[in-house]
Amino acid sequence: MFQYNCEVFYEDTDMGGRVYHANYLKFIERARSKFVESLHINQRALLLAENKFFVVKNIIADYLLPAYFGDKLVICTTLIELKRASMILKQEILKDNKKIFDADVRLALLNSSGKPEKFSVDFIYNIEKFFKYPQKKIGE
C-alpha cells in the first residue's frame, strides 16, 4: 500500500465548512502522482520525451463522512487490477484511522494520438514488485 499525507486547508472547504466534494478527487490525484513518482517515473519527462501520459478513464467514488478545515488525512492507494495499458487502483481517504472516502480509479496510458499504450516491462515489474502482485501474468 502507498500512503500519502494531506492536510485540509481553508480553501478546500465549502460554505458549510466541509471539504468541497471535488477536492477529494484532487487529494487522490496528488496521492496517485506521488505514487507514480515513487516508482521512479517522471510523468513530465514521459510526456515530453515519449508523448505518453496517464489519464483517468473512469472513477467510482463513495463519500462516506466529511472532512473539515485542519483535518489531517491519509490517502491509501492499493492495486486492484493490472492490465497491459490500464490499471485499477483502490484509493481510500482516512481521517483518524476511519475511512471517509473510497474510490476505484481506472488509469490508462495514452499516446499523443489519444490511443492506449502498453505499459513498459519496467513499469509492470516495478508496480508488481511494489504491491507484491504476481498472482497472474499480464494477459492471462
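Colleague: Is Thr13 buried or exposed?

Modeller: Thr13 is buried, because its relative accessible area is 15% and the cut-off for buried is under 20%. Keep in mind that this is a predicted model.

Colleague: Where is Thr13 found?

Modeller: In the loop between β1 and α1.

Colleague: What does Thr13 touch, not counting residues up to four places away in sequence?

Modeller: Val8, Arg18, Val19, Tyr20 and Phe69.

Colleague: And which backbone oxygen lies 2.7 Å from a polar atom of the Thr13 side chain?

Modeller: That of Tyr10.

Colleague: New topic. Which residues touch the most other members in the largest nonpolar core?

Modeller: Met87, Ile93 and Ile127, out of 33 residues in that core. At least two core residues come from each of β1 (2-7), α1 (21-38), β3 (72-82), β4 (86-95), β5 (98-111) and α3.

Colleague: What is Ile127 in contact with, leaving aside neighbours within four places in sequence?

Modeller: Phe35, Leu39, Leu79, Leu82 and Met87.

Colleague: How many residues line the largest pocket, and which lie nearest its centre?

Modeller: There are 14 lining residues, with Ile41, Leu46, Glu50, Ser120 and Phe123 nearest the centre.

Colleague: How does the lining split by class? What are the numbers?

Modeller: Seven nonpolar, three polar and four charged residues.

Notes. Residues numbered from 1 in each chain as written. Predicted model: local features only at pLDDT ≥ 70, side-chain atom pairs only at ≥ 80, totals over all residues. Heavy atoms only, no water. 1 Å grid on protein atoms, 1.4 Å probe; cavity = no way out; pocket = protein on both sides within 12 Å on 5 of 7 lines; lining within 4 Å. Nonpolar A, V, L, I, M, F, W, Y, C, P; charged D, E, K, R; others polar. Core = buried A, V, L, I, M, F, W, Y, C linked by side-chain atoms within 4.5 Å. Buried < 20%, exposed > 50% of the residue type's maximum accessible area, 1.4 Å probe, protein only. Helix = DSSP H or I, 4+ residues; strand = E, 2+ residues; numbered from the N terminus. Contact = heavy atoms within 4.5 Å. Polar contact = N/O pair within 3.5 Å; in protein donor to acceptor, adjacent residues only side chain to side chain.
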